[in-house]
Number of protein chains: 2
Amino acid sequence: MEFSSKLLEKAVNEMSQLPGIGKRTALRLVLHLLRQPGNQTIELADALRNMRSEIKFCKSCNNISDSELCEICKNPHRNEELICVVEDIRDVMAIENTSSFKGLYHVLGGKISPMDGIGPNDLNIQPLVEKVKQGKVKELIFALGSTMEGDTTNFYIYKQIQEFDITTSTIARGISVGNELEYTDEVTLGRSIINRIPFEVSLKS
Amino acid sequence: MEFSSKLLEKAVNEMSQLPGIGKRTALRLVLHLLRQPGNQTIELADALRNMRSEIKFCKSCNNISDSELCEICKNPHRNEELICVVEDIRDVMAIENTSSFKGLYHVLGGKISPMDGIGPNDLNIQPLVEKVKQGKVKELIFALGSTMEGDTTNFYIYKQIQEFDITTSTIARGISVGNELEYTDEVTLGRSIINRIPFEVSLKS
């Protein structure tokens, strides 16, 4: 691609570093910005710059936050004895949207994935083990995606905390609420039969 | 979507103003930036800001440029008598890539589209008419997309310059080089038969 402007070229090159955005898409986005009133671009630039330079990670749970401790960890009404282990902030947002969890989170920042060169030491696992060691935590809920990497990470953490007096659980895998049995994949359906729950329990939720 | 950080929320909101990027995609992009080394985000922000505040539009052809006159208009080897009328800089780049045009461009900045509220006065048409009036231009090549809006715009400009002594042409529509006849749509194939060219001419190009 030959550009008539170095400034345009630079903007397109930077934009096309984003995942899933190629040169052509980047050019389309940048030209769109040029057609808008000037402050839209400036506000986008400022928002990105401010986010990058001022955002913090909660020193307790590693969630993205504007202050030292995130709003969830600060909240005295949350149950400190219950910790839900998730991959990143998107999972925190998804679970918070359900309004059905009142404990705290622990954000790992990824999953163990040797193929991508991500080992246990690249993740926020050690602080979690420390937390458990201190004895305040009663239950750890693993809520990582149900993939090989997720299962590996769950198992690694489980091994690290096995020696302590703590309950571990994983979120239930099964057919979605409202789904037809015949359209569910066999692995999920199989697991949902093996991990069936007492009928009375299902009435409560 | 509930965010744990105002800074993150602001960045996602600004990012999701871009065409084709919804809130979820914006969050994915912004979290990607947070995982990268800090300077990538800062460079993107600076590139956007610099582009917006410093970029110019060539005062002759309206193409995006770093200086008053763009590189193409500045070039003394280009043929001033031949002007190719295009919609935006992407068309200029596409035609420049072919290396088969040695004239100048005139960038309209859009097409007449009453449905989108774009009239002739919103486009860079008047300066083109002025250029033609001055008598230097011998031929105008219409190279707008082959849509109703493109045809309308071509016709509007044609009407404006009809009275002057000038040749007008449009780029050829026909089946693509390398394409099979049977897979070409009927309109294109029909036009390519009506607008057939002498065989000797096709040998030269």
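## How the two copies meet

Of the interface residues of chain A, 100% are also interface residues in chain B, so the copies meet through the same surface. The contact, meaning heavy atoms within 4.5 Å, takes 52 residues from chain A and 52 residues from chain B. This is a predicted model, in which local features need pLDDT of at least 70 and side-chain atom pairs count only at pLDDT 80 or more, while totals for chains, interfaces and linings use all residues; side-chain values use heavy atoms, with hydrogens and water left out. Residues are numbered from 1 along each chain as its sequence is written, and chains are lettered from A in the order in which they are written.

Chain A and chain B bury about 5,200 Å² between them, 69% of it on carbon and sulfur atoms, where buried area is the accessible area (1.4 Å probe) that two parts lose on being put together, summed over both. Within chain A, the residues that lose the most area to chain B are Leu7(A), Leu34(A) and Arg52(A), which together account for 13% of what that side buries.

The interface of chain A and chain B holds 4 salt bridges, a salt bridge being a side-chain nitrogen of Lys or Arg within 4 Å of a carboxyl oxygen of Asp or Glu. Asp46(A) is joined in this way to Arg49(B), with the closest N and O atoms 2.7 Å apart.

The elements that give two or more residues to the side of chain A that touches chain B are helix H1 (6-15), helix H2 (23-35), helix H3 (38-54), strand S2 (64-65) and helix H5 (89-98) of chain A; helices (H or I, at least four residues) and strands (E, at least two) are DSSP runs, numbered from the N terminus. H3(A) supplies the largest share of that side, 15 residues.

## Symmetry of the pair

Chain A can be laid on chain B with an RMSD of 0.1 Å by a turn of 180 degrees and a shift of 0.0 Å along the axis, the copies being superposed by least squares on the C-alpha atoms of residues with pLDDT of at least 70 in both. The two copies are thus related as by a two-fold rotation axis. In chain A, the C-alpha nearest the axis belongs to Ala45(A), at 2.1 Å from it.

## Within chain A

An automatic or database domain assignment gives chain A domain 1 (6-54) and domain 2 (68-204). The C-alpha centres of these two domains of chain A lie 36 Å apart.
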